[in-house]
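The sequence and structure are displayed first.

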Amino acid sequence: MNVDDPEVLNFVRRSMVGRIATLSRSGRPSITPLYFVTVKGHIWLGTANWTLAAREAIADPRVSVLLQIEQNPNDHRILRIVGSATVRTDAKTIRSSNLWMALKYILTPGSLRNRLSNRRLLPAERLYPRQSEEKGLACIIDVTPEQAEFLEDIQLGQTRSSGLPKEGER
Amino acid sequence: MKQITRNIALDSAHDLLERVPRACIAFADDHGPQAQPITLIWRDDRYLVGIPQRVERQPDSGKEVVLLVDEGIYFFDLRAIYIRGQVQPIETPTDAPSGYTWFELLPLKIVAWDYGTLHEVEGER
């Protein structure tokens, strides 16, 4: 499927968490859930340059990203984007990313409610990224999509159709 | 030195293995990393992974795989279990749907986190 297909673009725009699969220099796999924004057809996943995901994207730029529309439980599709990644730490990119991330993940009614109901954790939340800054730079993993493919969310399909016993019943 | 951590004991995240909000694996093949949604059954502390048989790219026996079960959208709701291990093919588990290739993931490393429990610990992140 073309990555410029309007259905793909709309799906990416509505998705909230990207799960990015990467490989280490020696070929070991990892997968990391990250917040992301889309900028000019690219997927910018926010993290720090010391993290496994960023180090691996530097070591091997091939990535595979899963997206779904978490806020619509009736949409059982998962979008897999295959592409190539670069890791960017320049101040202009990080400023731009921070702005888009804030608009998507902080300045929304859902997020504000979430923060309000967890306000006792806000001091810890402020300290958490500072620890990261001691270890390295904030970065974005900039993914250039090359292929897009819709998959079915088979976990949901399975649990709805097969009537698997719940854990306590096994 | 005190640090803030998101990490939790696996026991505190067992509900993710029971409900399985979102589950996928990553593995490597000649084409690079593959992220693949899966069906997960957690039974008797075994991690049983189902991939539709129609999926062309499947992990080889003994291959290193990472399993991610996660949920949440907003920061303090983000929770996950991350298991690195090796997969072995198995017969279709009892009560499991057909049409899947089934593997057991033999864990080598397990990490669980919950941003809704950010807390201070001594010298850990």
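Reader: What share of the contacts in chain B with a separation of 6 or more comes from residues 24 or more positions apart?
Author: This is a predicted model, in which local features need pLDDT of at least 70, side-chain atom pairs count only at pLDDT 80 or more, and totals for chains, interfaces and linings use all residues. Residues are numbered from 1 along each chain as its sequence is written, while chains are lettered from A and ligands numbered from 1 in the order in which they are written. Two residues are in contact if their C-beta atoms, placed from the backbone, lie within 7 Å. For contacts in chain B with a separation of 6 or more, the share from residues 24 or more positions apart is 63%.

Reader: In what order do the elements of chain B run from the N terminus?
Author: Helices (H or I, at least four residues) and strands (E, at least two) are DSSP runs, numbered from the N terminus. Chain B has 1 helix and 10 strands, and its C-alpha atoms fill a box of roughly 50 × 35 × 25 Å along the principal axes. The order is β-β-α-β-β-β-β-β-β-β-β.

Reader: Which strands of chain A form the closed barrel, and in what order?
Author: Strands pair if DSSP finds at least two bridges between them. In chain A, β4 (residues 62-68) and β5 (residues 77-88) are antiparallel over 7 bridges, with A:Ser64 opposite A:Val82 and A:Arg62 opposite A:Ser84. β5(A) also pairs with β6(A) in the antiparallel sense, over 12 bridges, and there A:Arg77 stands opposite A:Glu152. The closed barrel of 6 strands, with antiparallel pairing, runs β1-β2-β3-β6-β5-β4.

Reader: At about what angle does helix α1 of chain A run to β5(A)?
Author: Axes are lines fitted to C-alpha atoms, for helices over the stretch in contact, and angles run from 0 to 180 degrees between N-to-C directions. Helix α1 (residues 6-14) of chain A lies across β2 (29-39), β3 (42-48), β4, β5 and β6 (138-152) of chain A. Its angle to β5(A) is about 75 degrees.

Reader: Is A:Ile20 buried or exposed?
Author: A residue is buried if 20 or more other C-beta atoms lie within 10 Å of its own, exposed if 12 or fewer, and partly exposed in between, with C-beta atoms placed from the backbone. A:Ile20 lies in strand β1 of chain A, and its contacts beyond four places in sequence include A:Leu34, A:Val63 and A:Ile141. Because 29 other C-beta atoms lie within 10 Å, A:Ile20 is buried.

Reader: How many residues does the largest nonpolar core have?
Author: A nonpolar core is a set of buried Ala, Val, Leu, Ile, Met, Phe, Trp, Tyr and Cys residues joined through C-beta atoms within 7 Å. Among the residues with the most contacts inside the largest one are A:Val65, A:Ile141 and B:Val49. Leaving aside neighbours within four places in sequence, B:Val49 is in contact with residues including B:Ile25, B:Leu67 and B:Trp102. The number of residues in the largest nonpolar core is 68.

Reader: How many residues does the contact take from chain B?
Author: Chain B has 125 residues, of which 41% count as buried. The contact takes 42 residues from chain A, and from chain B the number is 38.
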